[in-house]
Amino acid sequence: MEQGIAGRRALVTGAGKGIGRRTVQALHEAGARVVAVSRSRADLDSLARELCPSTSRSFAVNLRAVIQVSQMVARGLKARGTPGSIVNVSSQASQRALTNHSVYCSSKGALDMLTKVMALELGPHKIRVNAVNPTVVMTPMGQANWSDPQKAKAMLDRIPLGRFAEMDNVVDAILFLLSDRSSMTTGCTLPVDGGFLAT
């Protein structure tokens with residue numbers, strides 16, 4: 001499906017691993033000019049080599065970094081009078097309490113509200129702000145944390161489609177929200193959860 005992303009600029013936080021990394025790869029493949037941000041220089045270096053072969057931490061990562069980067073991006077777009085789209089990566093945990101995940105659930109809940117407030121404030125400047133809210137995603141970290149069949153079964157039993165998400169399931173939703181095909185969508189928290197939030 002043509003996304004109309006070629007030639008656009010994109011900034012991706014959390015680009016070193018998992019969903020962020022796959023989003024950078026997909027945007028690059030679609031012809032976007034991508035700025036990748038990660039906590040790890042080694043991850044960024046390996047991503048650059050891959051794409052160009054010639055060449056209470058939860059709140060800090062899940063919220064503060066998003067605020068800081070989004071403010072910089074929004075200032076630049078407003079100064080140029082350019083419309084834009086920001087997509088935050090949240091979680092189903094923003095809307096459902098999970099045992100032993102109090103800080104994670106809280107930070108993702110705050111990210112969902114930040115998404116809505118930013119949509120309200122930036123909409124008059126033609127800047128759309130949305131979030132994707134995936135279930136467990138089979139990133140290397142997801143595979144490591146959910147490899148215990150008993151632990152996985154408890155979560156899978158709550159997902160009507162009966163499986164965890166693959167990275168491309170989330171990336172496809174991100175690309176849709178970045179594209180003009182979602183030009184009337186802002187302030188949305190889009191579940192990519194196999195129906196988890198419907199249960």
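The protein chain contains 7 helices and 5 strands; these are DSSP runs, numbered from the N terminus, with helices being H or I runs of at least four residues and strands being E runs of at least two. Along the sequence, the elements follow the order β-α-β-α-α-β-α-β-α-α-α-β. The model is predicted: local features need pLDDT of at least 70, side-chain atom pairs count only at pLDDT 80 or more, and totals for chains, interfaces and linings use all residues. Residues are numbered from 1 along each chain as its sequence is written, and side-chain values use heavy atoms, with hydrogens and water left out.

**Overall form and surface**

- Along the principal axes, the C-alpha atoms fill a box of roughly 50 × 40 × 35 Å.
- Of the 199 residues in the protein chain, 41% are buried; buried means under 20% relative accessible area, exposed means over 50%, and partly exposed lies in between (1.4 Å probe, protein chains only).
- The protein chain exposes about 11,000 Å², of which carbon and sulfur atoms supply 56%; accessible areas come from the Shrake-Rupley method with a 1.4 Å probe, and for residues only the protein chains shown count as cover.

**Salt bridges**

- Side chains of opposite charge can pair when their charged atoms come close.
- The structure holds 6 salt bridges, a salt bridge being a side-chain nitrogen of Lys or Arg within 4 Å of a carboxyl oxygen of Asp or Glu.
- One of them joins Glu-29 to Arg-22, with an N to O distance of 3.7 Å; Glu-29 is exposed because its relative accessibility is 60%, whereas Arg-22 is buried because its value is 18%.
- Arg-22 also meets Asp-168 in a salt bridge at 2.6 Å, N to O, and Asp-168 counts as partly exposed because its relative accessibility is 36%.
- Through shared partners, salt bridges link Arg-22, Glu-29 and Asp-168 into one network.
- Lys-153 and Asp-157 form another salt bridge, their closest N and O atoms being 2.7 Å apart; Asp-157 is exposed because its relative accessibility is 54%.

- Asp-193 is placed in the segment after β5 (189-192).
- The side chain of Asp-193 reaches the backbone nitrogen of Gly-195 at 2.9 Å.
- A polar atom of the Asp-193 side chain also lies 2.8 Å from the backbone nitrogen of Leu-197.

**A buried helix residue: Met-118**

- Met-118 belongs to helix α4 (residues 102-122) and is buried because its relative accessible area is 9%.
- Met-118 and Ile-86 are 32 residues apart along the chain, and their C-alpha atoms are separated by 9.4 Å.

Technical notes:
Polar contact = N/O pair within 3.5 Å; in protein donor to acceptor, adjacent residues only side chain to side chain.
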